[in-house]
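Good morning. Please look at the structure first.

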Amino acid sequence: MSRDIFRIIYKSTAAHRTEVMLGQGHVADLLATARQRNQAADVSGVLVYTGLGFFQVLEGARTAVQPIFESILVDRRHHTLAVIEMDFAAERRFPGWSMGFLGTTRELDDRLNGADLGPSGGPEVLDQLLRRTLLLLVDSPISMPWLGARAALDDGLGGPGPSAARHS
Ligand SMILES: Cc1cc2nc3c(=O)[nH]c(=O)nc-3n(C[C@H](O)[C@H](O)[C@H](O)COP(=O)(O)O)c2cc1C
């Protein structure tokens, strides 16, 4: 396998309850930083915030992903981080997403993604399926049938579908 793309998938627990994470702008702030830094480093991925915690996929050159992940590891906005996968990958799953964001509600998605970055006509069904699959992963113990979940992603959810553009 090519060693061009390195991928890290982890889940973590938010440091504060939802009202604080959102009300004090923690999620918005980290997302803004993430998009800026990731874009500069050509790192792509997706961040899911469930209200209880995070699930994140980071992918790019290993030399780019690693320092970003080291920053994330010591970030006090979350804790109890557990790595689900850390390996080289054949290709990016989220090309063009400097950090795609999926929140607990469409309203939160739209607010944190910016009004002008709202849904741009991608198939809603694909979006919903991706959201459900990712949320399932976040809220499940690591011993979950991960391969089954990954099969769902491999079944066409991870590719650069039309909805990818809305989060770039
Ligand atoms: C759940 C979570 C996800 C994050 N994702 C990213 C990310 O994808 N890219 C990024 O540059 N920073 C991300 N951050 C912010 C980093 O932890 C860090 O604050 C930022 O990269 C600045 O790094 P520095 O403090 O080492 O300068 C995330 C933070 C949290 C809590």
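Predicted model: local features only at pLDDT ≥ 70, side-chain atom pairs only at ≥ 80, totals over all residues.

Leu47 stands opposite Gln56 in strand S3. Residues are numbered from 1 along each chain as its sequence is written.

Both of those pairs join strand S2, residues 44-49, to strand S3, residues 53-60, and the two strands run antiparallel over 6 bridges. Strands here are DSSP runs of E with at least two residues, helices are runs of H or I with at least four, and both are numbered from the N terminus. Two strands pair if DSSP finds at least two bridges between them. S2 and S3 make a hairpin with 3 residues between them, and Gly51 in the turn has a positive phi of about 105°.

Val48 stands opposite Leu102 in S5.

Now the whole sheet. Its 5 strands are ordered S4-S1-S3-S2-S5, the sheet is open, and the pairing is mixed. At the edges are S4 (78-89) and S5 (100-102), each pairing on one side only. On average, neighbouring strands are turned by 10° against each other, direction ignored.

Helix H2, residues 26-41, packs on this sheet and touches S2, S3 and S5, with its direction at about 170° to that of S2. Touching means contact, that is, C-beta atoms placed from the backbone lie within 7 Å. The axes are lines fitted to C-alpha atoms, for helices over the stretch in contact, and angles run from 0 to 180 degrees between N-to-C directions. Helix H3 (62-73) lies across S1 (5-14), S3 and S4, and runs at about 160° to S3.

How many residues of S2 are buried? The count is 6 of 6. Buried means that 20 or more other C-beta atoms, placed from the backbone, lie within 10 Å of the residue's own; 12 or fewer is exposed, and in between is partly exposed. Ser44, Val46 and Val48 point one way from S2, while Gly45, Leu47 and Tyr49 point the other way.

Some of these turn up again in the largest nonpolar core, which has 26 residues; Leu31, Val46, Leu47, Val48, Phe54 and Met99 have the most contacts inside it. Such a core is a set of buried Ala, Val, Leu, Ile, Met, Phe, Trp, Tyr and Cys residues joined through C-beta atoms within 7 Å. The largest share, 6 residues, comes from S1. In soluble globular proteins, nonpolar side chains tend to be buried together.

Next, the ligand. There are 16 residues around it, and Ala34, Arg37, Ser71, Asp75 and Arg77 come nearest; near means a C-beta atom, placed from the backbone, within 6 Å. H2 gives the largest share of this shell, 5 residues. H2, S3 and H3 each supply at least two.

Last, the chain as a whole. It has 6 helices and 5 strands, in the pattern β-α-α-β-β-α-β-β-α-α-α along the sequence. Of its 168 residues, 30% are buried.

Notes
Contact = placed C-beta atoms within 7 Å.
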